[in-house]
Amino acid sequence: MIATLPGRPASGRPEGRPGFWLLLAIVLVLAALPVGRLLLQALAGDALAPLLAPASLRAAWHSIESGVLSGLLALVLGTGMALLLGVTDLPQRHPIGILFVLSMLMAPQVTALAFTVLAGPASPLLNALGMAPAAGTPNPLIGRGGVILVLGLHHAPLVTILVLAGLKTVPHELVEAAAMDGAGQRTLLARIVLPLLAPQLVAAALLAFVAAFGNFGIPALLGMPAGYLTLPTLIYRELVGNGLGVIDRAALLAVAMLVLVLLPAGGAAVVLARSGTRRSTERPLGRFWRLGRWRLPGLVLAWAMVALVLFLPLGALLASALAPTYGARLTPASATLAHFAEVLWRQDVTVRAFRNSFLFAGGAALLLALVVVPVGHALDRAPARARQLLLPLIELPYALPGIVLAIACILLFVRPLPLLGVTIYATPWIILFAYMARFLPVVLKPPLAALAQLERAQEEAAALDGAGPLARLVHVVLPAIWPAVTAGGLLAFLLAFNELTVSALLWTAGTETLGVVLFSLEEAGLVSEASAVALSATAVVVLLVVAIDRLGDRLPAGTLPWRL
């Protein structure tokens, strides 16, 4: 979430009128119109009858259940990893932390596919090791337990990031003083560190719930085959099965999801904002816990966690993609690259999906990067009240579950737009629009952080020399923040490239994305081909992470989540 910027005037007229009007137009088109259209459709529907239907209540309970239980699992695992990395003298902390957090960048459907491939009786990896379940037995991860487990593992790095950020706000002086009074390591952790971390722990649990509640990829691959439907998968199944005939019911369910998501998300934002203003320290918490003889077991435990969330899933996908057929025993002699060749060169639908994902993700990232400089500058210079109103609106499409945003876009464009008489429904442009709405906060956050550190003296001097607003943006502001703009665009591309939740309802023949194709291949039983697609897409993500990380030293602190 984008925090309210400090150190700006609390009142006054916005500087740079053209930029401010552009900012208002962007907020109106990308955020207010889709969400407003969704609310109007829901209010015009048949009261609350669709919400009280047994299928809706059951799906709502599954969403809450999986969100709460997986959130608790993520809280335990993520907090444990954060404490190992942040307060102990654990060796190899840097690679362990980076790899653990990077696992979160795997698309949810890729993670779900990986664990499906890993645990089943046809698992090429387990078969190669002689550890596969007996043939004919059901996959233990298909159903309620698998959804909760994989959601918890997938969101544990999110908790780690938040808790590590919280540890930096704990004054080391308190721990040092207590240690001088004879407090042991366990007492320091239990009596000082954890109580001060309470806001971050609460916020992390809430955000893990929000992330799980709106997740589509994991419940779709692990829950739908067993009939364990959550609200996102229920909406998807009904719209795919019945088309726009059930759009009123889908809109009402989407608004219910909106309410259930925004309450905990807003609570987390409030908790973090209040904790951030209550204390600060010039000397952040040091690593006071000496592991001693537990050093090696702690190191093994940390690497085991990394293996569980990253190495094992990727290894399972690789084994599946290299096996001659899914379920066949993988040996050095039987390994083949045929599935990679099939999806990267021969199969029209997968080749088209790679091209579409590059075009949609790249187009959205490029367009957002072009507007983010004047928009960010106008937002940075706007009065405090205007920022407090506009920032939540900008963040709203990103905070919403992707399925909710997709329905909002369908409702907005299913009929020709008033006055213009055109529609982009069932065209590639609706996916591009949805990506721009969803990932605007991602592109905007790094430049906003950079602008907050930018002195106004240079702009004022340029204005005194006669430079207009556009000249000041191009010659003064842009050179200072271009690394942040580039990083924001690349981060948006990274997230949009493997996206499934939004495009699952917006794609049409010829506009398939990688997420959609992966989901379709898995449903069709072409698991080896799906694994090859997943690994190829993950390779692109890895290359993007390396490219973005090269800008890391020139970016404001906290821009890159894996830089712990």
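Q: How do the residues of the lining of the second largest cavity divide into nonpolar, polar and charged?
A: In this predicted model, six of the lining residues are nonpolar, three are polar and none is charged. The residues concerned are Gln109, Val110, Asn498, Leu514, Gly515, Leu518, Val533, Ala534 and Ala537. Helix 5, helix 22 and helix 23 (527–549) each give two or more residues to this lining.

Q: What makes the second largest cavity a cavity?
A: Its volume is about 40 Å³. The term cavity applies because a 1.4 Å probe fits there but cannot get out. A search of the whole structure finds two cavities of 30 Å³ or more.

Q: Which residues line the largest cavity?
A: The lining consists of Ser103, Met106, Thr111, Phe115, Leu153, His154 and Val309. Helix 5 (108–119) and helix 7 (144–167) are the elements that give two or more residues to it. Four of the lining residues are nonpolar, three are polar and none is charged.

Q: What makes helix 22 mostly covered?
A: Eight of the 10 residues of helix 22 (residues 514–523) are buried. They are Leu514, Gly515, Val516, Val517, Leu518, Phe519, Leu521 and Glu522. Each is called buried because its relative accessible area is under 20%. Helix 22 is followed by Gly525, whose phi is positive, near 85 degrees.

Q: Why is Leu52 called exposed?
A: Leu52 has a relative accessible area of 60%. The cut-off for exposed is over 50%, so Leu52 qualifies. Leu52 lies in helix 2 (residues 49–52). Its C-alpha atom is separated by 36 Å from that of Val117, 65 residues apart along the chain.

Q: How do you know that helix 18 and helix 20 meet?
A: Contact means heavy atoms within 4.5 Å. On the side of helix 18, the residues that meet helix 20 are Tyr435, Phe439, Val442, Val443, Pro446, Pro447, Ala450 and Leu451. Their partners in helix 20 include Val477, Ile481, Val485, Gly488, Gly489 and Leu495. The residues of this contact divide into 16 nonpolar, two polar and no charged.

Q: What describes the crossing of helix 18 and helix 20?
A: Two packed helices are described by the angle between their axes and the distance between the axes. Here the axes of helix 18 (residues 428–452) and helix 20 (residues 469–497) come within 8 Å and cross at roughly 150 degrees. The crossing is right-handed.

Note on methods:
Residues are numbered from 1 along each chain as its sequence is written. This is a predicted model: local features need pLDDT of at least 70, side-chain atom pairs count only at pLDDT 80 or more; totals for chains, interfaces and linings use all residues. Side-chain values use heavy atoms; hydrogens and water are left out. Axes are lines fitted to C-alpha atoms, for helices over the stretch in contact, and angles run from 0 to 180 degrees between N-to-C directions. Helices (H or I, at least four residues) and strands (E, at least two) are DSSP runs, numbered from the N terminus. A crossing is left-handed if the near helix is turned anticlockwise from the far one by less than a right angle, and right-handed if clockwise. Ala, Val, Leu, Ile, Met, Phe, Trp, Tyr, Cys and Pro count as nonpolar, Asp, Glu, Lys and Arg as charged, and the others, Gly among them, as polar. Buried means under 20% relative accessible area, exposed over 50%, partly exposed in between (1.4 Å probe, protein chains only). On a 1 Å grid over the protein atoms alone, a cavity is a set of points where a 1.4 Å probe fits but cannot get out, and a pocket is an open set with protein on both sides within 12 Å along at least five of seven lines; lining residues have an atom within 4 Å of a point. Grid points are joined across faces, edges and corners, and a volume is the space filled by probe spheres set on the points.
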